[in-house]
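Visitor: Could we go through this model together? I would like to begin with the ligand and then turn to the pockets and the backbone.

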Amino acid sequence: MKKNKIYLGTSNKNKVKEASAILEKFGINLIHYPIERIEIQSDNLEEIAIFSLKNVHEKIPIVIEDAGLFINKFKGFPGPYSSYVLERLGNPGILKLMENVEDRTAKYISAIAYRDETGIHNFKGIVEGSIAFSIRGSNGFGYDPIFIPKEGKDQTFGEMSEQEKNLLSHRSRAFIALGKWLTE
Ligand code: IMP
């Protein structure tokens, strides 16, 4: 066991809930480290997460996640700009852009950067799926009510419980990889 207590730097409590449920299974206690992240502009989620990490100067084992929704028809838009687009267009705006679009395939990617005294380590999780035709469900956050994971039962993440989302999500996959590595 490399660590049994680490911090997650974020202002998003949903991320903390989802990630701590995963790490708990590895016997790791995840503690919320509240920060307003400074995000650089980059096409690369890993780079964004690492940059945010470097702005935390405290010497604690800490992880930062950068996630995004990548819509294939739009060559990966909004991708790294997901929070900006969500704030301005929201889910109704994405559905409007997708009107009459046949190829609705999309994916979520979670890139996490973890740092302790040994250095920075990166982990990634991806979930393939598609964009729904309407807003469905009110669970989760962000784009959850319009994203249908391919391996699910045609439900959006917004229609799933946190446990159901955690069986499939990009975030759970990235944090499982981190949990495995920390307990190796
Ligand atoms: P960030 O990682 O906090 O920069 O997230 C980027 C944007 O993607 C935010 O607007 C989030 O709401 C959205 N997002 C990230 N992960 C998820 C998720 O698991 N479900 C829904 N939206 C998400």
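**Ligand, pockets and backbone**

Guide: In this predicted model, an N or O atom in the side chain of D144 lies 2.6 Å from a nitrogen atom of the ligand.

Visitor: How much of the ligand does the protein bury?

Guide: The protein buries 92% of the 480 Å² that the ligand exposes when taken alone.

Visitor: And what does K15 do at the ligand?

Guide: K15 places a polar side-chain atom 2.7 Å from an oxygen atom of the ligand.

Visitor: Is the A67 atom in the backbone or the side chain?

Guide: For A67 it is a backbone N or O atom, and this atom lies 2.7 Å from an oxygen atom of the ligand.

Visitor: Which residues come nearest overall?

Guide: There are 17 residues around the ligand, and the nearest are K15, A67, Y108, D144 and K165. By class, this shell has five nonpolar, four polar and eight charged residues.

Visitor: Moving on, what about the second largest pocket?

Guide: The second largest pocket has about 220 Å³ of space. Its lining includes E39, I40, Q41 and S42, as well as P80, Y81, S83 and Y84.

Visitor: Which element gives the most to that lining?

Guide: That is α3, with four residues. The lining of the second largest pocket comprises five nonpolar, three polar and three charged residues.

Visitor: A change of topic: which residues are joined by a cis peptide bond?

Guide: F77 and P78 are joined by a cis peptide bond, with omega at about 0°. P78 belongs to strand β4, which covers residues 77-78.

Visitor: And what is the phi of N100?

Guide: N100 has a positive phi of about 65°, although this residue is not a glycine. N100 is located in the loop between α4 (90-97) and β5 (105-116).

Visitor: Why mention these two features at all?

Guide: Most peptide bonds are trans, and most residues other than glycine have a negative phi.

Notes: Residues numbered from 1 in each chain as written. Predicted model: local features only at pLDDT ≥ 70, side-chain atom pairs only at ≥ 80, totals over all residues. Heavy atoms only, no water. 1 Å grid on protein atoms, 1.4 Å probe; cavity = no way out; pocket = protein on both sides within 12 Å on 5 of 7 lines; lining within 4 Å. Points joined across faces, edges and corners; volume = space filled by probe spheres on them. Helix = DSSP H or I, 4+ residues; strand = E, 2+ residues; numbered from the N terminus. Nonpolar A, V, L, I, M, F, W, Y, C, P; charged D, E, K, R; others polar. Near = heavy atom within 4 Å. Polar contact = N/O pair within 3.5 Å; in protein donor to acceptor, adjacent residues only side chain to side chain. Areas by Shrake-Rupley, 256 points an atom, 1.4 Å probe, with all protein chains shown as cover.
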